[in-house]
Amino acid sequence: MNAYAPILVLGAIAAAFAVGSVVMASLTGPKRYNRAKLEAYECGIEPTPQPVGGGRFPIKYYLTAMLFIVFDIEIVFLYPWAVSFDALGIFGLVEMLLFIATVFVAYAYVWRRGGLEWD
Amino acid sequence: MIATHALAAAGGNSPSIPAPHIEYGQLSPMLVVFGAALVGILAEAFLPRRLRAATQLGISLAGLVGGFVAVVVLAAQGHASTRAGLLAMGSVAIDGPALFLQGVILLTAVLAVLTYAEGRLEPRINGHRIDAFAAQAAAVPGGEQEREATREGLRTTEIYPLTLFAVGGMLLFPASNDLLTMFVALEVLSLPLYLMCAIARRRRLLSQEAAVKYFLLGAFASAFFLFGTALLYGYAGSLRLGEIADVVSGVAPVTPALAVTTQNDALLLIGLAMVSVGLLFKVGAVPFHSWTPDVYQGAPTPVTGFMAAATKTAAFGALLRLFYVAFPGIRWDWRPVMWGVAILTMVVGSILAVTQQDVKRLLAYSSIAHAGFILTGLIATDRRGVAAVLFYLLAYSFVTLGAFAVVTLVRDSKGEATHLSSWAGLGRRSPLLAAVFALFLLAFAGIPLTSGFTGKFAVFQAAAGGGAAPLVIVGVLSSAIAAFFYIRVIVLMFFSDPQPSGPAVAVPSALTATTIAFGVLVTLGLGLLPQYFLDLATKASIFIR
């Protein structure tokens, strides 16, 4: 049980910080509302006006987010490799070049198909 | 001071991490196909539109044929028998079953890609040839954007690289000797298939619905597989199939750190059950079959043919390897369950097929019933069972491809006329096409002198030899039920009057004609002279550990 005590303490501190911040903000913060502030927070979707028939929402945000994830994953692999680059030798270099080339193929496709243009 | 020393040691100039050994030569079938897929993406990115379709066809055929040549060369060098072995640090196994199934998948894919490129069935739009795939898959069905894309004669040529990626995953699936590699292969083959289902040119909504259903259920099944993998790792302390088998049989020493979970039978049984769910979903076995009819119906017909043939081959390969390499030691636990699944699959598939009114749904239920027949071979748990399943998959792939290729030819003004009522009297309008389709149906039914008979005979013989005689009785009875609806379609085609406003039979180009001709050839060849291929399957029936 003792081994879990720090986790419980951390959980308690986190909860206190979260609740405390919200309470403090509502007590001390200035209240100047504008339209953007009153909107519901949604990633990439305009929550109002609702599209006709519940239909479509802009996909641009998702495209950007997806690209971000692709490069994020690339970094996840690149970073540890770069740190121990010399320990892996030529094999690591070749495999990493192949990996980057593969991701680059996807990047080239997205670029040529206009995936990087917002409008 | 000590910390500095540690850092210096870690950052030293000598390679301190041993590089894994990768046998690129033996992995070449997969590498060639993946390479072709990447070239296809680049072609998609940089080539002008009018050149894309032809170039993509060329790249795909080059990649697939190249992969097939690599498989044949590997087999000729003895990698299917004496030199079979584990590659890539034990995560891939290249042996008889792997190479046999890779060959079948690659040949199937070559013929499927030919049907993709068929440009003669749809009427030309403004002089542009179009194919079975959506003009612009991202446009709203029936919307202004879609109309514009159709007017410009756009085509979704991405279907070719997507197919190549799926084929790459399928090649890895039956060869993976490690649960995590198997999972990666499962995802690599599934994700492109979900997309490919969604891009039919006609009946866009049905096609998108099929893709969403397939994706949701497929993701669910993948999650089952992954969770089962985690439990099996807890049980065995390893993901390698061979090492799991050692723990199952009690040969492997228990690692002290894992003593709490290792050899906990609950983990083993639940893990095995969950991994099996993931794989049985892919082969379309009851009770994990419910996606099959909707997806087969909604997907563009050339894709349905590819999916029905190649996915089933790959997934049965993985299922065989899982049960024969990792879990032969507890066959008395999994065999009764697989008995139940096989019986349900055969009976439900055959009975539900009787009521179908749509030819694509009919073929979907028939594929479920066939999954049941193949499962009886798996239950034999000996070499003959493996050989029978390999042969069945070879025979079934070509019949299925051919049958779906025939479905693409029967058309009316709204595209393919898949309702069975419009197939009435087809034998009088187009005797050749109806005869070919009848041959495929007879092969599905397992009538002698077709490949279906040889395959069915082989799996039933293996099952009976493996002590599953009651299963064979159920199999023969369901075959009889299945024969009823296949023959009903034949009767409908030849002995009823054609509707006055019925569909016309389109004349295909050499592409689809080649696929159908090859299907007929293999169906008759494996029915009349099966010995060579039976021997080949028998020679290829030993799994390496």
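**Note on a predicted two-chain model**

1. Among contacts in chain B between residues at least 6 apart in sequence, 80% join residues at least 24 apart. Two residues are in contact here if their C-beta atoms, placed from the backbone, lie within 7 Å.

2. Ground rules. This is a predicted model, in which local features need pLDDT of at least 70, side-chain atom pairs count only at pLDDT 80 or more, and totals for chains, interfaces and linings use all residues. Residues are numbered from 1 along each chain as its sequence is written, while chains are lettered from A and ligands numbered from 1 in the order in which they are written.

3. Overall form of chain B. Chain B has 21 helices and 5 strands. These are DSSP runs numbered from the N terminus: helices are H or I of at least four residues, strands are E of at least two. The C-alpha trace spans about 90 × 60 × 40 Å along its principal axes. A compact globule of 545 residues would have a radius of gyration near 24 Å, and chain B agrees, with 24 Å. That radius is taken over C-alpha atoms, and the globule rule is 2.2 Å times the number of residues to the power 0.38.

4. Burial in the two chains. In chain B, 56% of the 545 residues are buried. In chain A, buried residues make up 1% of the 119 residues. Buried means that 20 or more other C-beta atoms lie within 10 Å of the residue's own; exposed means 12 or fewer, partly exposed is in between, and C-beta atoms are placed from the backbone. Chain A has 4 helices and 0 strands. Its elements run α-α-α-α from the N terminus on.

5. The contact of the chains. Chain A gives 14 residues to the contact and chain B gives 12. The chain B side that touches chain A has 9 nonpolar, 2 polar and 1 charged residues. Ala, Val, Leu, Ile, Met, Phe, Trp, Tyr, Cys and Pro count as nonpolar, Asp, Glu, Lys and Arg as charged, and the others, Gly among them, as polar.

6. A helix pair. Helix α4 (residues 96-116) of chain B packs on helix α15 (residues 383-407) of chain B at an angle of about 0 degrees, with the axes 10 Å apart. So α4(B) is roughly parallel to α15(B). Angles under 35 degrees count as roughly parallel, over 145 as roughly antiparallel, 65 to 115 as roughly perpendicular and the rest as oblique. Axes are lines fitted to C-alpha atoms, for helices over the stretch in contact, and angles run from 0 to 180 degrees between N-to-C directions. Among the residues that meet are F100(B), L101(B) and V104(B) in α4(B), and L390(B), L393(B) and L394(B) in α15(B). The residues of this contact divide into 12 nonpolar, 3 polar and no charged.

7. Helix α11(B). This helix is mostly covered, with 7 of its 8 residues buried. W291(B), P293(B) and Y296(B) are among the buried ones. The buried residues of α11(B) pack against α7 (179-197), α8 (204-236), α12 (301-326) and α14 of chain B.

8. L378(B). This residue is found in helix α14 (residues 359-379) of chain B. L378(B) counts as buried, with 25 C-beta neighbours inside 10 Å. Leaving aside neighbours within four places in sequence, its contacts include L319(B), F323(B) and M338(B). The C-alpha atoms of L378(B) and W339(B) are separated by 9.9 Å, though the two are 39 residues apart along the chain.

9. In chain B, 3 strands form an open sheet in the order β4-β3-β5, with antiparallel pairing. Strands pair if DSSP finds at least two bridges between them. The edge strands are β4 (415-416) and β5 (504-505) of chain B, and each pairs on one side only. Strand β3 (residues 410-412) of chain B pairs with β5(B) over 2 bridges. The bridge partner of R411(B) in β5(B) is A504(B).

10. Backbone points to check by eye. Most residues other than glycine have a negative phi, and most peptide bonds are trans. V286(B) and P287(B) are joined by a cis peptide bond, with omega about 5 degrees. P287(B) lies in the loop between α10 (265-283) and α11 (291-298) of chain B. A88(B) is not a glycine, yet has a positive phi of about 50 degrees. A88(B) lies in the loop between β1 (85-87) and β2 (92-94) of chain B, and is partly exposed, with 19 other C-beta atoms within 10 Å. N126(B), also not a glycine, has a positive phi of about 50 degrees. N126(B) sits in the loop between α4 and α5 (144-151) of chain B, and is exposed, with 8 other C-beta atoms within 10 Å.
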